[in-house]
Amino acid sequence: MKHKIKLLLVTAFVTSTAGLYAQNIFFPTKTGTVLLFAQKDNSGEINGYLQQTLNAVEGSNDSMTISYLYESMDKHQKTLVEVPCKMLIKDGLMIFDLKYPFVGKLKSSNERIIDVTGTPLQFPNNLMPGETLKDAHMVANIGRGIINVHVDVSMTDGKCVGIEEITVPAGTFKSHKITQTVTITKLGSTDHTHVISWGAPNVGIVKSETYDSKNQLLNSMELVEMK
């Protein structure tokens, strides 16, 4: 379960990495849109799923608030954790609202609450190949009964390195390729990984790959269904 929480937090960051224009952002804007992602290990075997459901869109054009739900699932698509999130589009920026509390509920155990603080993720709506991204930092306190786990996440060295056509089970998408370094500290242990993600207009992330410090593939994720 710790791995699922870690992957869920990283994915929340990655899905927020790029935008073209407020009316053509790298995120769905139609209420009810559901995206299903398959999570794979380094051998390509599916070990879980992530589902994103768009619940509400307030405003329009260059001023919007997008509310959506992440569900982390096992390989049988049984929901393990639910995390409500918000995305803001404002003043030419795409903002992942870290002040909005994550509330994760375990379907098979007690309620888990994640309090999140940090500098909001901000990205220009008109991201171009070669452009760098601002560093981001997040601190989360995960509570379950009397246990409180402190998680520190930083994303640095972000850059849009080009535009590519990516084919996944859900289709073929013209996507911006983003590279980032992700550093996660939890329970006294620090992991440094390199993440490559591809984001498509009006969809968001369609594929991502995570590598360790030796450039060995750790895991990947791809969009398998959009409805």
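1. Setting aside neighbours within four places in sequence, Thr193 is in contact with Gln180, Thr181, Val182, Thr210, Tyr211 and Leu218, where contact means heavy atoms within 4.5 Å. Thr193 and Thr181 are twelve residues apart in sequence, and their C-alpha atoms are 5.8 Å apart in space.

2. On the basis of these values: this is a predicted model, in which local features need pLDDT of at least 70 and side-chain atom pairs count only at pLDDT 80 or more, while totals for chains, interfaces and linings use all residues. Residues are numbered from 1 along each chain as its sequence is written, and side-chain values use heavy atoms, with hydrogens and water left out.

3. Thr193 lies in strand S12, which covers residues 189-200; strands (E, at least two residues) are DSSP runs numbered from the N terminus. Thr193 counts as buried because its relative accessible area is 15%. Buried denotes under 20% relative accessible area, exposed over 50%, and partly exposed the range in between, with a 1.4 Å probe and protein chains only.

4. Ser189 is also placed in strand S12. With a relative accessible area of 38%, Ser189 is partly exposed.

5. Thr53 belongs to strand S2, residues 46-60. Its relative accessibility is 16%, so Thr53 is classed as buried. When residues up to four places away in sequence are not counted, Thr53 touches Thr33, Val34, Ser67, Tyr68, Leu69 and Glu71.

6. The structure holds two aromatic pairs. In the pair Tyr68 and Tyr70, the ring centres are 5.4 Å apart and the planes stand at 85 degrees, so the arrangement is edge-to-face. Rings of Phe, Tyr and Trp (its six-membered ring) pair if their centres lie within 6.5 Å; planes under 30 degrees apart count as stacked, over 60 as edge-to-face and the rest as tilted.

7. Tyr68, one of the residues touched by Thr53, is buried at a relative accessible area of 1%. Tyr70 counts as buried, because its relative accessibility is 1%. Phe27, Tyr68 and Tyr70 form one aromatic cluster.

8. A charge is placed over a ring at Trp198: the charged end of Lys207 sits 5.4 Å from the centre of that ring. The criterion is that NZ of Lys or CZ of Arg is within 6 Å of the ring centre and within 35 degrees of the ring normal.

How values were computed:
Helix = DSSP H or I, 4+ residues; strand = E, 2+ residues; numbered from the N terminus.
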